[in-house]
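Hi,

Here's the structure I promised to pass on. Have a look at it first, then read my notes below.

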Amino acid sequence: MAICEVTGKGKMYGHNVSFSQRKTRKVFKPNIQKKTIKLENGQKLKINVSTSALRTLKKKGLIK
């Protein structure tokens with residue numbers, strides 16, 4: 001299971017709740033993508049990043 005290397009997001013636990021209120025265990029997994037990022041010195045770096053963190057990095061101008 002991958003963890004976001006930027007935000008530290010990982011899996012969370014909860015319940016599936018049916019109409020009859022029966023609760024079964026569920027795992028909520030973040031949407032983790034493997035991306036290659038170019039650094040200022042020309043090096044390439046492969047990181048596991050969540051899509052929400054990827055949007056934030058694009059908004060801040062760190063990724064194009």
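Helices here are DSSP runs of H or I with at least four residues, strands are runs of E with at least two, and both are numbered from the N terminus.

Some background: this is a predicted model, where local features need pLDDT of at least 70, side-chain atom pairs count only at pLDDT 80 or more, and totals for chains, interfaces and linings use all residues. Residues are numbered from 1 along each chain as its sequence is written, and side-chain values use heavy atoms, leaving out hydrogens and water.

Back to α1, which covers residues 51-60 and has A53, L54 and L57 buried (buried is under 20% relative accessible area, exposed over 50%, partly exposed in between, with a 1.4 Å probe and protein chains only). Seen down the axis of α1, those buried residues fall within an arc of 105 degrees, so they line one face of the helix; the arc is taken from the directions from the helix axis to the C-beta atoms. Exposed R55 and K59 sit on the face turned away from that buried side. The buried residues pack against β3 (32-38) and β4.

N48 belongs to β4, residues 44-50. Why does N48 count as buried? Because its relative accessibility is 17%. Leaving aside residues up to four places away in sequence, N48 touches A2, I3, C4, E5, I32, Q33 and K34 (contact means heavy atoms within 4.5 Å).

Finally, S20 lies in the loop between β1 (12-17) and β2 (23-28), and is exposed at 58% relative accessible area.

Cheers
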